[in-house]
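The following exercises concern how two chains of a model meet. Please examine the sequence and the structure before reading each worked solution.

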Number of protein chains: 2
Amino acid sequence: MPIPITNPDDPRIEAYRAVRERDLAGREKRFVAEGEVVLRVLLRQSRFSVESLLLSEGRIEGLRDVTDGLSEAVPVYAASRQVMDAIVGFPIHRGVLAIARRAPLPAVEELLTGLPERALVVGLVGLANHDNVGGIFRNAAAFGAQAVLLDPQTCDPLYRKAIRVSVGGALVVPFTRAPSPDAMVGALENAGFDVIALTPSGREILSRIPRSPRAALLLGAEGPGLPPALLERTRTVSIPMSGGFDSLNVATTSGIALHHLAGTGMEN
Amino acid sequence: MPIPITNPDDPRIEAYRAVRERDLAGREKRFVAEGEVVLRVLLRQSRFSVESLLLSEGRIEGLRDVTDGLSEAVPVYAASRQVMDAIVGFPIHRGVLAIARRAPLPAVEELLTGLPERALVVGLVGLANHDNVGGIFRNAAAFGAQAVLLDPQTCDPLYRKAIRVSVGGALVVPFTRAPSPDAMVGALENAGFDVIALTPSGREILSRIPRSPRAALLLGAEGPGLPPALLERTRTVSIPMSGGFDSLNVATTSGIALHHLAGTGMEN
């Protein structure tokens, strides 16, 4: 049975207090998942362990199947909408929150070694926008990418909004951080990946490149793009566009490229 | 020279007052364009005539090339950040606004008749989200679609946020409204279009369908999708995804499908 919370200062729901500020500061050991769809994805996977749930009273009945399946060790707190908003610090329309533990990030080499012979990986360089990172994880999950590698400048995929935009994809696709873009590419090359850097100045055209058994797709931020030194040591590929309007969102770009690279594998 | 505005109640900047509320109510004859990138796209096209500009003082110098090229009939108003925020009703970080006149919407048949023999058109059914509609227009512009058709339930592409997300694509790709989804498909068929409805239950796979000289891509909202009656009378196509995570954003979907359908044409 859910544990009723009537006082926003109740110490048991400390982890839910001032969600926005603490998320932006970056939580080291935990993260917040928001909304029913994301919660269901979180509970289906095994990488992240759930510590507790906080539900608004109106959501309890509809999530009975979820809470009934939880271990006794995971408390489910219930609060009125008003108390929940006071805890969280802003109106939490979805009325569904969970706190989960981050998993330790493996070394890039370790993550790559564990992948199957045929694998698709995404590498992100300098992507500081949570919507874009969330959108890329959604596409990575949809097209069955086995891993996402992040450079130090790319933002946290477990930030609440990134998880939400990913529709839970950030909880599904394993990821880790590389110490630098160069180290990322080096590790991919050592693991036998065909490293494909998407850039408007690419020497090849996406729709014409064959799918290698191990392919890695590198994406940079809209505007600056990928660093020149990185483009020099990789296979550069472009998506041809209409003359007057040469502009794609980077998450959309990832969808187009992953659709092409996943192509043959998916249709079997 | 810009006309200084020091009083937020100045009648000359009436069209900029309470921007958000008036945009949401739907402006019948005009629309608001926001930001430098969108302004530059707006001024490069000829379909929409610009009535005036409102710039924050800090943006005047950097937009001198734009304002110098304007007709005398287009006033450029300048205000301090504080006065501009007071006029608009919220902090307008970009400091760049323009009011332009809507163009009359042609009948669907008229718009289609004017298209070249080889043409790519997008049809939207029930898309009520401005981010998604903006994203789709961005992709339509990037892949050279000649027109976008909207059903009555699809939201306004000239809403400020939709234009911004489209990076001006909503000002570039001609669009009009069909009286119903059925009338949209009927008009496309009569104009010789191969009507391709994207749906998870599609009978064909996107990457395998050949590009017809005249192709029309139909997209419905995430969740409800396209109406069953419409799927019965069209060529239904799916994008294969990874088993456990069958979810793509509709704007990303449009990018993937337009990239495939534009394919051969773009690479010539």
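**Exercise 1.** Determine how many residue pairs are in polar contact between chain A and chain B, and which elements of chain A take part in the interface.

*Solution.* Step 1. Between chain A and chain B, eight residue pairs are in polar contact, both residues at pLDDT 80 or more. A polar contact is a pair of N or O atoms within 3.5 Å; within protein, one must be able to donate a hydrogen and the other to accept it, and residues adjacent in sequence count only if both atoms are side-chain atoms.

Step 1. On the side of chain A that touches chain B, the elements giving two or more residues are α6 (130–142), α8 (169–172) and α11 (250–267) of chain A. Helices (H or I, at least four residues) and strands (E, at least two) are DSSP runs, numbered from the N terminus.

Step 2. The element that gives the most to this side is α11(A), with six residues.

Step 3. By type, the residues of this side comprise 14 nonpolar, twelve polar and four charged. Here Ala, Val, Leu, Ile, Met, Phe, Trp, Tyr, Cys and Pro count as nonpolar, Asp, Glu, Lys and Arg as charged, and the others, Gly among them, as polar.

The model is predicted: local features need pLDDT of at least 70, side-chain atom pairs count only at pLDDT 80 or more, and totals for chains, interfaces and linings use all residues. Residues are numbered from 1 along each chain as its sequence is written, chains are lettered from A and ligands numbered from 1 in the order in which they are written, and side-chain values use heavy atoms, with hydrogens and water left out.

**Exercise 2.** State how many salt bridges there are between chain A and chain B, and describe one.

*Solution.* Step 1. A salt bridge is a side-chain nitrogen of Lys or Arg within 4 Å of a carboxyl oxygen of Asp or Glu.

Step 1. Two salt bridges are counted between chain A and chain B. One joins the side chains of Glu222(A) and Arg138(B), at 3.0 Å from N to O.

**Exercise 3.** Find how chain A is laid on chain B, and why the copies meet through the same surface.

Step 1. Contact (heavy atoms within 4.5 Å) involves 30 residues of chain A and 30 residues of chain B. Because 100% of the interface residues of chain A are also interface residues in chain B, the copies meet through the same surface.

Key. Copies are superposed by least squares on the C-alpha atoms of residues with pLDDT of at least 70 in both.
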